[in-house]
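Welcome, and please get your viewer ready. We will go from stop to stop, with something to select at each one.

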Amino acid sequence: MKWLLDYLLKIKPNFDEGQKLNWLYPLYEATETILFSTDAKTKSAPHIRDSIDIKRVMILVVVALIPCYVFGAINIGYQNALSFGLERTWVENLIFGAKTIIPIIVVTFVAGAFWEILFAIVRKHEISEGFLVTCALIPLTMPPSIPLWQLFIATSFGIVIGKEIFGGVGMNIFNPALTARCFIFFSYPSKISGDMVWLVGPDGYSGATALSVPASTNSADAVSLLDGITQFDYSWINLASGWIPGSIGETNKFIIFLAAVALMIMKLISWRVILGGVSGLFAMSYIGTLIAPFSDNSMLSIPPHYHLVMGSFAFGLTFMATEPVTGSHTDTGRLVYGFFVGVLTVIIRSINPAYPEGVMLAILLMNAFASLIDYFVVKVNIRKRMARYA
Amino acid sequence: MGENPISIHVLGICSALAITTKIDTAVVMTIAVVAVLSISNVVISFLRNNIPNKVRIIIQMSVIASLVIIADQVLKAYMYDMSKLLGVFLGLIITNCIVLGRAEAYAMQNSPSKALLDGMGNGLGYGSILIAVAFFRELFGFGSIYGAQVIANQIYLGGYENNGLMILSPGAFFILGLIVWAHRAYTGTSDKH
């Protein structure tokens, strides 16, 4: 590694102020600090001695996503084998799945890096590592059959409209990864919703997800409806362990749970958002089960513990809703914010049959309200203090 | 160029969202707005010394409203299909802030010939943005330009799809926002807070 550092330090003067390659300085700076630790010091107080910086935080989140990628790849292979009626070992499944997701990852990162570097050079700021997390999240939210050119446009949209127009990392209102997914959702709905896209199988092979089954069939009891599906095993335990068709990274809830616990212990994500989200989901779906006997909408009869493992709720709550920039910033605000993410998810899932999954829209909607929640939390606090000292 | 009503002053946004899914509606809307705006500017400029200051808004509105009704009737008589497409938005030219804004800010102080030029300039500036937005929305949303298919069938067979977002009104927001961004970056305008 020594020779690389020496080389980097040797070419460094070329990028200084007034030199010919000065416009490429952001690129140089990014290469140097990704490969080696930085010796940059904060210019003004407070000075905190800590080896952690935004780069390390972002990298840790990306590391937490790697198990989702591995499981996602195996599951793609498994679903493919299932649809063709083949017997395959998990290694073969992994290889098959990797062939599907590696192009998706590459396209996402190429698009993301292109825009990030372009804006860094034009605006003359350092390349921010935020795009690494954004680009690591986008493939996991996609169905495995997503056309790559749509992915490229969506990633560009997410990075530019979702983040850069607000001024870059830390200024965005909406989660860029979800903005990208939302773009495909409304632009090319046939490729990201419906029954056909969630697994790589023969043409016309339908893989209705656990959420789309009760969304399209009226029944008094959604659980027995799901148990009646013979094509897939939609029991609770199998929904949780993720051998089901779905977006690439969200199917296995155990892996997501472990990642959430690890990130919470490292204090990289807020436990308040998670707690609020899960209780909101439980509260609203419990209300749903109370209404269910009076309605023929089978989504209402899904019990709370099923809601938790169906669809992308666990993934969205852990990796998207907890994003520090777009969520609320006060502690009480985070609880409220998470709570409404859970409530809205169930409402969108149950009430609107066109959107069997509501997590993405729920989080984006709450992103818009996050600072309003903060505003009221601060107001209440001010009033309390006024009352105390008046 | 530096004073475009939409991209610099951000006026008249509602109609820019509503009628720009295709170029032909945008063109007709542009013609209607240019006609109403320049005639109303001229009429108000002629009357400007006889309008009592206290009731000037009412008088401006009645001039503009009569002109919009005439434009609406002309469209109904000669381009019935188009007037059905434009629907309520043609009538809503009355509420378009550009028309009243120019009458109040320019025609009340200037001679008829200057007011005519001002009206035509603002109308065309408004229309150019309208047509630009419609161009992108029609191209990406329907694959056509002014009703003619420009994206070949082979491309569709190769997996290309029309962008559904462009047909929805948020699509107009995004296109309009990008145009405003590009225009302001080019002219170096920014709002002062």
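How many residues does the contact take from chain B and from chain A? Seven come from chain B and seven from chain A, two residues being in contact if their C-beta atoms, placed from the backbone, lie within 7 Å. On the side of chain B that touches chain A there are three nonpolar, three polar and one charged residues. Here Ala, Val, Leu, Ile, Met, Phe, Trp, Tyr, Cys and Pro count as nonpolar, Asp, Glu, Lys and Arg as charged, and the others, Gly among them, as polar.

A quick note before you select anything: this is a predicted model, in which local features need pLDDT of at least 70 and side-chain atom pairs count only at pLDDT 80 or more, while totals for chains, interfaces and linings use all residues. Residues are numbered from 1 along each chain as its sequence is written, and chains are lettered from A and ligands numbered from 1 in the order in which they are written.

**Stop one: α3 of chain B**

Select residues 56–78 of chain B, helix α3. Helices are DSSP runs (H or I, at least four residues), numbered from the N terminus. Now color B:Gln60, B:Val63, B:Ile64, B:Leu67, B:Val68, B:Ala71 and B:Leu75, which are buried (20 or more other C-beta atoms within 10 Å of the residue's own; exposed is 12 or fewer, partly exposed in between; C-beta atoms are placed from the backbone). The buried residues of α3(B) pack against α2 (23–47), α4 (80–86), α5 (88–91) and α6 (97–107) of chain B.

**Stop two: α3 and α5 of chain A**

Next, show residues 54–84 and 130–140 of chain A, helices α3 and α5. Their axes come within 10 Å and cross at roughly 15 degrees (axes are lines fitted to C-alpha atoms, for helices over the stretch in contact, and angles run from 0 to 180 degrees between N-to-C directions). α3(A) and α5(A) are therefore roughly parallel, the word for angles under 35 degrees. Residues that meet here include A:Met58 and A:Leu65 in α3(A), and A:Leu132 and A:Ala136 in α5(A). By class, this contact has nine nonpolar, two polar and no charged residues.

**Stop three: α11 and α14 of chain A**

Move to residues 253–265 and 313–321 of chain A, helices α11 and α14, whose axes cross at roughly 20 degrees. A:Lys253, A:Ile256, A:Ala259 and A:Ala260 in α11(A) meet A:Ala314, A:Phe315 and A:Thr318 in α14(A).

**Last stop: A:Tyr375**

Finally, pick A:Tyr375 in helix α16 (residues 359–389) of chain A. With 14 C-beta neighbours inside 10 Å, A:Tyr375 counts as partly exposed.

Conventions:
Helix = DSSP H or I, 4+ residues; strand = E, 2+ residues; numbered from the N terminus. Expected span 1.5 Å × (residues − 1). Parallel < 35°, antiparallel > 145°, perpendicular 65-115°, else oblique.
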